[in-house]
Amino acid sequence: ELKGEFKDKNAVLVAAGPSLDKNVELLKRLPENTLIVAVGTVFRKLMNLGIVPDYVVFLDAQTRNIRQIEELGNSEVPIIIASTATKQIGIDYREKKYLVCQYGYDRAELYASEHGYQLYETGGSVSTIMLDICIRLGCQEIAFIGLDLAFTGGRSHSNDTLDNHAVSSDEENCEVLSWNGDILKTSKLFLIYKEWMERRAMQEDAQGKLIDATEGGAHIEHWRKETLKNVLEQWEKKDCSV
């Protein structure tokens, strides 16, 4: 149902990493033909900044994530809900809702088969399934911000998000090369997501499309590194030349 809304458009994907605070304000002015697709963790933060995402994605089954939509039920922002997300989000949210069925979950695969639905890869996190959705629905270029995949500045998430906290030393159990060549602390889970994103970038439908515009966090192989400002300027020039 959404393929026509995504196909051949550029997308800025918004994750909840600490580096989001560096460039999120740039989303207030976007070129034509550009979507904002965000994880549920940053939904309230974006709305409070006056930035209205085009879609918000939910994956996690934890009931605490219902707080991510509290008082946002009249926002008119459509949400995309993975079949493993807590069902209460789908029940409570009053605007448009779209279901995503994922590979590797038997009940989702059966339901998709019975209804003729496309399946998506989760990669283990809401950021990874959000990326797969945008690739499979035909986005032209995809720039990620807030995708630290590391404890930048010793923090887990961006300011003004539900999960933001300082990271204790026992959580800092791995190291990773950073966006600018330094070494950062990270977690085993973050490394799994990073490796999945690196593999996804090598698949034919994603090659040359993926841009790491986080301006911080872990270095992601096979992704083009750009500042968000440069990405948006490039997209605007392309729009003007059409």
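Colleague: Let's start with Asn33: where is this residue found?
Modeller: Asn33 is found in the loop between α2 (20-23) and β2 (34-39). Bear in mind that this is a predicted model.

Colleague: What makes Asn33 count as partly exposed?
Modeller: Its relative accessibility is 34%. Buried needs a value under 20% and exposed one over 50%; 34% lies in between, so Asn33 counts as partly exposed.

Colleague: What is the phi of Asn33 near?
Modeller: Phi is near 70° there, a positive value in a residue other than glycine. Most residues other than glycine have a negative phi. Glu215, in the loop between β10 and β11, also has a positive phi, near 65°.

Colleague: On to strand β2, where Val39 lies. Why is Val39 called buried?
Modeller: The relative accessible area of Val39 is 2%. Buried means under 20%, so Val39 qualifies. Leaving aside neighbours within four places in sequence, its contacts include Val14, Ala15, Ala16, Val56 and Met130. The C-alpha atoms of Val39 and Ile80 are separated by 9.6 Å, although the two are 41 residues apart along the chain.

Colleague: Which residues have the most contacts inside the largest nonpolar core?
Modeller: Phe6, Val14, Leu27 and Leu131, in a core of 63 residues. Phe6 touches Leu35, Val37, Tyr55, Ile80, Cys134, Leu137, Gly138 and Cys139, not counting residues up to four places away in sequence. There's a second, separate core of twelve residues, and Phe43, Phe58, Ile89 and Tyr93 are among them.

Colleague: Are Cys101 and Cys139 buried or exposed?
Modeller: Buried, in both cases. Cys101 has a relative accessible area of 2% and Cys139 has 0%, so each value is under the 20% that buried requires.

Colleague: How many aromatic pairs does the structure hold?
Modeller: Five.

Colleague: What makes the pair of Phe144 and Trp223 count as tilted?
Modeller: The ring centres are 6.2 Å apart, and a pair needs them within 6.5 Å, so this is a pair. Then the angle: stacked is under 30 degrees and edge-to-face over 60. The planes here are at 35°, so the pair is tilted.

Colleague: Which parts does that pair tie together?
Modeller: Phe144 lies in strand β7 (residues 142-145), whereas Trp223 is in the loop between β10 (210-212) and β11 (224-225), so the pair ties together parts that are 79 residues apart in sequence. Both partners are buried: Phe144 has 0% relative accessibility and Trp223 has 7%.

Colleague: How do you know that Lys225 lies over the face of Trp179?
Modeller: Lys225 is 5.7 Å from the ring centre, against a limit of 6 Å.

Colleague: Now helix α7. What makes its reach close to the expected one?
Modeller: Helix α7 (residues 188-201) has 14 residues and reaches 20 Å from its first C-alpha to its last, and at 1.5 Å a residue the expected value is 20 Å. Its buried residues, including Phe190, Leu191, Trp196 and Met197, pack against α6 (126-136), β7, β8, β9 (183-186) and β10.

Colleague: Why does Glu198 count as buried?
Modeller: Glu198, in helix α7, has 12% relative accessibility, which is under 20%, so it counts as buried. Glu198 touches His219, Ile220, Glu221, His222 and Trp223, not counting residues up to four places away in sequence.

Colleague: And what makes Glu175 count as exposed?
Modeller: Glu175 has 53% relative accessibility, and exposed means over 50%, so Glu175 counts as exposed. Glu175 is found in strand β8 (residues 174-177). Leaving aside neighbours within four places in sequence, Glu175 is in contact with Ile183, Leu184, Lys185 and Thr186.

Definitions and conventions. Residues numbered from 1 in each chain as written. Predicted model: local features only at pLDDT ≥ 70, side-chain atom pairs only at ≥ 80, totals over all residues. Heavy atoms only, no water. Buried < 20%, exposed > 50% of the residue type's maximum accessible area, 1.4 Å probe, protein only. Phe/Tyr/Trp six-rings, centres within 6.5 Å; stacked < 30°, edge-to-face > 60°. Helix = DSSP H or I, 4+ residues; strand = E, 2+ residues; numbered from the N terminus. Lys NZ or Arg CZ within 6 Å of the ring centre and 35° of its normal. Contact = heavy atoms within 4.5 Å. Core = buried A, V, L, I, M, F, W, Y, C linked by side-chain atoms within 4.5 Å. Expected span 1.5 Å × (residues − 1).
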